[in-house]
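This briefing is intended for a reader who is meeting the structure for the first time. Please view the sequence and the model below before turning to the notes that follow.

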Amino acid sequence: MSVLVYVEQAEGKFKKSVYEAVSYAKAIADQQSTNLTAISIGNVADAELKELGKYGASKVLNVNTDQLKTFVNQAYASVIAAAAEKENANIVVLSNSFSGKGLAPRIAVKLKAGLADGAVELPSADGKFAVKKTAFSGKAFAITELTSTNKVIALNPNAFGVKESSGDATIETFTADVKQSDLGTVIKDIVRATDKISLPDAELVVSAGRGLKGPENWGMIEELAGLLGAATACSKPVSDADWRPHSEHVGQTGIAISPNLYIAIGISGAIQHLAGVSSSKVIVVINKDPEAPFFKVADYGIVGDAFEIVPKLIEALKAHKA
Amino acid sequence: MKILVCISNVPDTTTKITFTNDNTEFNTAGVQYIVNPYDEIALSRAIELTEGGKGTVTVINVGEASTDPTIRKALAIGADDAVRINAAPRDAYFVAKQIAEYAKDKDFNIILTGRESIDYNGNQVAAMVGEFLDIPSISIIKKLDIDGDTATIEREIEGGKEIVTVTGKFIASCAEGTAEAKIPNMRGIMSARTKPLNVIEPVAIEEVTKITKYETPAPRGTVKLIPADQAAQLIDLLHTEAKVI
């Protein structure tokens, strides 16, 4: 028995959410008194792979073939399941990222495994392997026992944190047969907004709503986010009105996020919006309506006009950084 | 073109989520059920793609008889017929297996789901059905166009998007952007009553997960209000007290 963690690379690099998944998988391996193996697919330099040792991987399986250069969930699932078999791993951990969401269910079916996605805590150590996961779009958590022999867990970003442990990882080349039919999805193009921080991974998020009155007023939101190193987000009415792209919509029918800091500007806090952001660690609400429901779940609040408050914050932040 | 759309019966988005029986069961008292909003997007795109005699749309739901009103709503929006697998949806694995068992010997060209259900938020069913049927699955798509036997799909990735093509059968889970959700009109509502809704018994499947308890998020303390004319204080507090910047 061992634990296998899939480490998702983007252009040859690992992101914080990957180190977080490795740290989490290491903690599970410790619980089970076993070792942690990582599997990387794609072209990643040895130095970058070695880095995984710092977070607890004792071995890294490196799959670097032309066939598997770009992410195809069907083929990647086959390789990861083959690695789990070879390593005799009955627990597979990965990040609950966009790619992870396309991958974890396929691995679960291949391994006849129960899947806990959106996990926010370690499994219980009482032998029941009960995992706390988000449910009802952030309005609740479901404690889910994985009753099958094999188990797959997809960890939510920012839920566990990165934890360093001492250790070195050995790197091993790994290959697995991939059927041609596993490569049915062909990637034509990848468009990345490289200057922007991706919302699901972001530790800090600045979000704005209808209180901003129009898309032309987002300059100050972007400036504030830029100074903080934060991602920008918005409420549903704003993305519905095409003031901002759908990819920025957080809430029950948008993206659910759990950053360390969520600043909501001109958002009243409808129950559907709160669902997507309530697991943020610190919530700041800026709204001119003192009765806005958002203040009930906020840690810090300012009652006032966004057009006056935000420039003051930008100024204060510039002074703070200087 | 034959499209199968998988729909979930979920609590209305305004529902206050509470639990009963020592927090082991979802409290359904007074809860209104709806077609999962993302599934509505999937259904709407399926209808657009088959409009004008270009194909048919079947909706499938795994649920007990109490979900029939939700299925009728999907028929009112414009699906041609419906199938209900007569079982309480135990978990995504169970639901996906039931759908795959139904679909495996039918000739659906495309299967669509919503990106996730708003109750258990799994985003699991599409990729699981794909694996059970050994066909490509594309998760969290934002655009779907069909040209002959080839689909061009835009899917969301961290900090951007990916454009993929797939030829032949596939399953995809749809997010916002794929289509505008259609609202049923009176004619749709009338005709939904007489459209076929076939009830099929489930196949037996081993249990892989079990929800044993629910928790609600811990309530937050009271908000610390900062006077508007001292807004700059917020930055200090976030730095020294909350320690998040």
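**Briefing on the predicted model**

Helix H2 of chain B, residues 68-77, is mostly covered, with seven of its 10 residues buried. The model is a predicted one.

**Helix H2 of chain B**

- The buried residues of H2(B) are Thr70(B), Ile71(B), Lys73(B), Ala74(B), Leu75(B), Ala76(B) and Ile77(B).
- Gly78(B) follows H2(B) and has a positive phi, near 145°.

**Chain B as a whole**

- Chain B contains six helices and 15 strands.
- Its C-alpha atoms fill a box of roughly 65 × 45 × 40 Å along the principal axes.
- Chain B has 245 residues, of which 50% count as buried.
- Among contacts in chain B with a separation of 6 or more, 70% are accounted for by residues 24 or more positions apart.

**The sheet of 10 strands**

- An open sheet of 10 strands, with mixed pairing, runs in the order E12(A)-E11(B)-E10(B)-E9(B)-E12(B)-E8(B)-E1(B)-E6(B)-E7(B)-E13(B).
- Its edge strands are E12 (185-192) of chain A and E13 (197-200) of chain B, each of which pairs on one side only.
- From one strand to the next, the twist averages 30°.
- Within this sheet, strand E1 (residues 2-6) and strand E6 (residues 56-63) of chain B pair in the parallel sense over five bridges.
- Ile3(B) has Val57(B), in E6(B), as its bridge partner.

**The sheet of six strands**

- Six strands form an open sheet with parallel pairing, in the order E14(A)-E13(A)-E15(A)-E16(A)-E17(A)-E15(B).
- Strand E14 (231-234) of chain A and strand E15 (224-225) of chain B are the edge strands, and each pairs on one side only.
- Five bridges connect strand E13 (residues 204-208) and strand E15 (residues 261-265) of chain A, which pair in the parallel sense.
- Val205(A) stands opposite Tyr262(A), which belongs to E15(A).
- Strand E17 (residues 300-303) of chain A runs parallel to E15(B), and two bridges join them.
- Opposite Tyr300(A) stands Lys224(B), in E15(B).

**Contact between the chains**

- Contact between the two chains involves 80 residues of chain A and 65 residues of chain B.
- Helix H4 (residues 98-110) of chain A gives nine residues, the largest share of the side of chain A that touches chain B.
- That side of chain A is made up of 37 nonpolar, 28 polar and 15 charged residues.
- H4(A) lies across strand E9 (137-147) and strand E10 (150-157) of chain B, and runs at about 100° to E9(B).
- Both E9(B) and E10(B) belong to the sheet of 10 strands.

**Domains of chain A**

- Chain A is divided into domain 1, covering 2-183, and domain 2, covering 199-321.
- The centres of domain 1 and domain 2 of chain A, taken over C-alpha atoms, are separated by 32 Å.
- In chain A, 12 residues of domain 1 are in contact with 12 residues of domain 2.
- The side of domain 1 of chain A that touches domain 2 of chain A consists of two nonpolar, seven polar and three charged residues.

How values were computed. Residues are numbered from 1 along each chain as its sequence is written. Chains are lettered from A and ligands numbered from 1 in the order in which they are written. This is a predicted model: local features need pLDDT of at least 70, side-chain atom pairs count only at pLDDT 80 or more; totals for chains, interfaces and linings use all residues. Domain bounds come from an automatic or database domain assignment. Two residues are in contact if their C-beta atoms, placed from the backbone, lie within 7 Å. Ala, Val, Leu, Ile, Met, Phe, Trp, Tyr, Cys and Pro count as nonpolar, Asp, Glu, Lys and Arg as charged, and the others, Gly among them, as polar. Two strands pair if DSSP finds at least two bridges between them. Helices (H or I, at least four residues) and strands (E, at least two) are DSSP runs, numbered from the N terminus. A residue is buried if 20 or more other C-beta atoms lie within 10 Å of its own, exposed if 12 or fewer, and partly exposed in between; C-beta atoms are placed from the backbone. Axes are lines fitted to C-alpha atoms, for helices over the stretch in contact, and angles run from 0 to 180 degrees between N-to-C directions.
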